Amino acid sequence: MTATTPSPIHATPPAARRAALHRTLLAWYGHQRRDLPWRRTRDPYAILVAEVMLQQTQVDRVLPRYHEFLARFPTLAALAAASPADVIRCWSGLGYNVRAVRLHQVARRIVTEYGGQFPRSLPALLALPGLGPYTARAVACFAFEDHVPVVDTNVRRVLGRVLRDTVGQAAGERFFLALAEAVLPPGHAYEWNQALMDLGATICTARKPLCLLCPLSQHCDALRSGAPIEQPGGNGRSSGNGQPFVGSTRYYRGRILAALRAVGSDQALDLPTLGRALKADFGPADLSWLRGLLYGLERDGLVVLTGKGGGDGEGVRLPH
Ligand code: SF4
C-alpha cells in the first residue's frame, strides 16, 4: 500500500459522512458499473494504454482502438521495440498524437531502466518522465490497487458538488488531490475511484446532472443548496467530445499526420505536395505557415524534417 502526501485541506468530512458516502456509492457501483475491458485486467501495461487513450478521448471512441492497439502491441516489450512511425500509425483516429510518442517513450524507458517491469511504487511511477501525475496514480491504483486518489475531470466535478461545503472557494489541483485522499475508503480505493468516474461520466455530468437518479442525492451539498454549478475542468480523462476544430492548428496537425500515415514508412513528402493535401489552394505564400506546423510536430517527436534549409529536397516523414 502506497500513500501520497498532498497538501492539507481545511476540513475533512466527518467520519460518519464519509462512511455514508462510501456505503452508498460503492453499493451503486456494485450494480451499475460500466463493464470496460481495462477493468477486467490488472496488467499495468494494458491499464497504461487505456489511461493514456482516455485522456482527451471519450470511452466509446477509445474502446475499438484499445483492442486494436493491444493486438498490434500486446506487451510493453512489443511496444518498446516498435518504431515511432508504427506507433503513430496505430494511434490513427484517436487524436492528440503526441500521446502516442510519450507512451512509446515511457515503454522504452521502463524496458531500459527497469528491465521491462513497471516500477511498483507510486513515487517511482511519479518519477518516470512522460508518465504524468494523473497517469502514475491511475496505474498505481488500477493495476496495483494502491490506496491512492485518482483525480480526473469527473472525479473533481463529483467531489466538488457532493462536498461543496467542504470545498468552498478552493479549486486548486493540490486541494482536490488532498480531498480525494481524505475521503478514500480504506481497502476500496480501486472501486471508489472507478465509481466516482462512472458517476461523473453517466449521472453527475458537467452540463445536465441527473440529480433525481443520483445515488448520492441524499448526501450532496450542491443539490441541498440549489442547482449544482458546473466546476472548471481539470486534468486527466476527457469528458469532452475530442473532435478537432476545423481550421485550427490541432486540425491541421491531424491532417499532416494522416497524410504521412498514408505513405510508406521510409517515404518523405515534399512540402508542396503535403501542402496541397491540406489545402486545395496551397501556394508558396503558405510555406512558412506549413513550416510552423511542422516545427511544432518535430518538437513533439511526431515527424522528422528532411532537407532543411529550403530547396527541392525539403520534406517531412514519420520518425523511424
Ligand atoms: S445529486 Fe446531482 S449534483 Fe449531487 S452528485 Fe448527484 S448528480 Fe451530482
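**View 1. Contacts of Val-49 in the predicted model.** Leaving aside residues up to four places away in sequence, Val-49 touches Tyr-66, Phe-69 and Leu-70, where a contact requires C-beta atoms, placed from the backbone, to lie within 7 Å. Residues are numbered from 1 along each chain as its sequence is written. The model is predicted, with local features needing pLDDT of at least 70 and side-chain atom pairs counting only at pLDDT 80 or more, whereas totals for chains, interfaces and linings use all residues.

**View 2. The largest nonpolar core.** This core has 86 residues, among which Val-49, Val-139 and Leu-179 touch the most other members; a nonpolar core is a set of buried Ala, Val, Leu, Ile, Met, Phe, Trp, Tyr and Cys residues joined through C-beta atoms within 7 Å, and buried means that 20 or more other C-beta atoms lie within 10 Å of the residue's own, with C-beta atoms placed from the backbone. Helix α2 (residues 44-54) gives the most to this core, nine residues, helices being DSSP runs of H or I with at least four residues and strands being runs of E with at least two, numbered from the N terminus. At least three residues of the core come from each of domain 1 (43-142) and domain 2 (249-317), with bounds taken from an automatic or database domain assignment.

**View 3. The open antiparallel sheet****.** Three strands are arranged in the order β1-β3-β2, two strands counting as paired if DSSP finds at least two bridges between them. The edge strands, β1 (269-270) and β2 (304-306), each pair on one side only. Three antiparallel bridges join β2 to β3 (residues 315-317), and Leu-305 has Val-316 of β3 as its bridge partner.

Note on methods: A residue is buried if 20 or more other C-beta atoms lie within 10 Å of its own, exposed if 12 or fewer, and partly exposed in between; C-beta atoms are placed from the backbone. Two residues are in contact if their C-beta atoms, placed from the backbone, lie within 7 Å.
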